[in-house]
Amino acid sequence: MSASVLFDAPGPKARVRNVIYSVVGSLALLALVAWVFLRLSDKGQFDGALWDIFNYAGIRENILDALLSTLKVFALAGVFSLVFAVLLCVARLSDHKPVRWVAVVFIDLFRSIPLLITIFALWVGILGHMTSMWALVLGLTIYNGCVQAEILRAGVNSVPKGQAEAAYALGLRKTQVTASILFPQAVRAMLPSIISQLVVTLKDTSLGFMILYPELLYSARLIGNNTPVNGVYPLVQTVIVFGAIYIALCLALAALANWIERRGRRAKVGIQPAKAEPPVEVTKV
Amino acid sequence: MNVLLDNLALFREGFLGTLSLTAVSAVLALVLGLVIAGFRVSPVPPLRIFGTLWVTVLRNTPLTLLFLVAFFVVPKVLFPGINSFVLAVCACGFYTSAFIAEAIRSGINTVPMGQAEAARAIGMSFTQTMRIVVLPQATRAVVPPLSSLLIALTKNTAIAGAFDNVDLFNIQKTLSNDGYDIAMIFVWITIGYLIITYAINGLFRLLENRLEVAR
């Protein structure tokens with residue numbers, strides 16, 4: 001239901017009322033912004049010099065390094081979690097009861113434990129010593145692998161039954177049916193959900209902050225707390241810069257998801273059966 | 001020595017901390033989420049813009065960044081000396097409200113168009129249409145995603161523990177300083193979280209069965 005179904009085209013009275021609401025709402029919002037603005041300027045946060053720190057090559061390199069280490073963890077965790085998800089999903093759909101049960105228990109358990117606890121437990125050394133990067137990658141892999149496995153399973157279940165039956169009827173083995181019939185269709189149906197879970201993975205890399213992995217947020221705190229300008233710490237400025245980086249990264253991924261979804265819809269409508277060729281004239285020799 | 005029995009009081013404090021933080025921020029998130037979802041479908045353009053902005057910004061920011069703002073920027077710049085529990089509630093509540101607003105909006109989309117058209121045809125205003133016709137029917141579709149959002153909220157409160165708000169995750173520091181076995185500490189903390197998440201899961205399953213109507 002689009003929003004416009006919920007209300008009539010405004011008449012003269014409603015138009016006046018809407019204008020009043022708009023003005024009052026905007027004024028309230030402006031008042032809030034103005035109040036925050038005044039508080040910030042009281043604390044000297046609008047001093048132009050505070051923004052100057054981003055002109056230093058050292059700070060810029062620091063941000064770039066942090067961005068790269070965030071992206072590195074995201075890339076590793078993204079790939080590993082998808083591979084792990086495929087394994088878990090296969091185990092979850094296995095014909096052997098013990099295998100299935102192990103997968104169910106594993107998925108349920110790690111989906112209900114806070115990710116921070118998984119990462120922290122790996123880091124403080126339940127499994128021996130682990131660098132903060134690998135603790136982060138492994139934690140993200142386990143948690144997101146479980147979530148992605150459930151997404152894949154939903155995708156496999158959404159494939160019409162006839163597809164698998166037809167494949168078995170053709171004499172394909174179970175591995176072949178899963179690998180060449182079910183999974184391609186499942187991945188295609190679930191691609192938007194898979195990518196939005198990847199956005200979650202990207203956002204969760206910020207938990208590396210807690211285990212002292214030098215990613216974006218860690219660098220934000222370092223810059224905010226260690227470069228005072230005339231006795232004022234540039235906290236607001238760093239939050240704005242780093243928040244913008246995160247939002248840009250996530251929106252880029254989300255846009256990719258939207259584009260793929262649109263493309264998938266179009267392809268389904270667009271595929272048409274090939275037209276019959278006009279009969280070839282056979283010339284008699 | 002047994003970690004749980006020796007430190008029952010500490011565990012109780014942590015458990016209640018997590019529980020109260022979850023409950024209060026869930027209420028805040030539900031109320032805000034409903035209001036923002038209303039904004040996003042309302043006839044007044046500035047409210048629609050505000051709703052869209054709120055959802056876009058909060059959904060694409062890591063919760064850890066919000067906590068960083070709440071615990072390091074807000075007390076230093078805006079409200080000196082504010083309670084850490086209030087800050088944690090605001091961070092968790094605002095973050096979750098964006099997701100809840102989206103869940104409610106997609107719930108509104110599942111209500112057949114004829115319902116809203118019929119409501120308009122008998123002369124209902126926007127608020128009446130929403131309150132009497134659309135939202136009660138949307139509830140049924142919203143309950144399942146809401147349960148997973150609240151479970152996610154419960155898990156996210158652990159981040160508040162890392163920022164010195166007393167909760168289940170936070171007591172881990174005290175206990176490991178006391179020299180208890182780390183693995184056992186985490187087992188008990190995990191069980192604490194599992195109790196809360198499974199309780200939410202059961203509660204919502206009950207609610208779902210209650211709301212189920214044969215159609």
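Predicted model: local features only at pLDDT ≥ 70, side-chain atom pairs only at ≥ 80, totals over all residues.
The buried ones are Leu182(A), Ala186(A), Ile194(A), Gln197(A), Leu198(A), Thr201(A), Leu202(A), Lys203(A) and Asp204(A). An α-helix has 3.6 residues a turn, so residues three or four places apart point the same way.

Carry on past the end of H8(A) and you come to the loop between H8 and helix H9 (216-226) of chain A, where Leu212(A) sits. The backbone does something worth a glance here: phi of Leu212(A) is near 60°, a positive value in a residue that isn't glycine. Is Leu212(A) buried or exposed? Leu212(A) has 10 C-beta neighbours inside 10 Å, so it counts as exposed.

Now zoom out to the whole of chain A. Its secondary structure amounts to 10 helices and 0 strands, and reading along the sequence you get α-α-α-α-α-α-α-α-α-α. Chain A is more spread out than a compact globule, because its radius of gyration is 27 Å, well over the 19 Å that the globule rule gives for 285 residues. Along its principal axes, the C-alpha trace of chain A spans about 95 × 70 × 50 Å. Of the 285 residues in chain A, 30% are buried. As for contacts in chain A with a separation of 6 or more, 74% of them link residues 24 or more positions apart.

Next, the partner chain. How many residues of chain B are in contact with chain A? There are 44 of them, and they meet 44 residues of chain A. On the chain B side, at least two residues each come from helix H3 (45-59), helix H4 (63-78), helix H5 (84-110), helix H6 (113-121), helix H7 (126-162) and helix H9 (182-211). H4(B) gives the largest share, with 9 residues. Sorted by class, this side of chain B has 33 nonpolar, 7 polar and 4 charged residues.

The 27 residues of H5(B) reach 39 Å from first C-alpha to last, close to the 39 Å expected at 1.5 Å a residue. There is still a kink in H5(B), of about 25° and centred on Ser97(B). H5(B) is also mostly covered, with 19 of its 27 residues buried.

Finally, the record. An unreviewed UniProt entry annotates residues 15-204 of chain B as "domain: ABC transmembrane type-1". In the model that span is 84% helix and 0% strand, with its end C-alpha atoms 21 Å apart. UniProt, again from an unreviewed entry, puts the feature "transmembrane region" at residues 15-37, 49-73, 85-104 and 182-200 of chain B. Take two of these. Residues 49-73 of chain B are 88% helix and 0% strand, and their end C-alpha atoms lie 26 Å apart. Residues 85-104 of chain B are 100% helix and 0% strand, with 27 Å between the end C-alpha atoms.

How values were computed:
Residues numbered from 1 in each chain as written. Chains lettered and ligands numbered in written order. Contact = placed C-beta atoms within 7 Å. Helix = DSSP H or I, 4+ residues; strand = E, 2+ residues; numbered from the N terminus. Nonpolar A, V, L, I, M, F, W, Y, C, P; charged D, E, K, R; others polar. Expected span 1.5 Å × (residues − 1). Bend = angle between axes of the 7 residues up to and from the residue. Buried ≥ 20, exposed ≤ 12 C-beta atoms within 10 Å, placed from the backbone. UniProt positions renumbered as here; feature names shortened; annotations may be inferred. Rg over C-alpha atoms; globule rule 2.2 N^0.38 Å.
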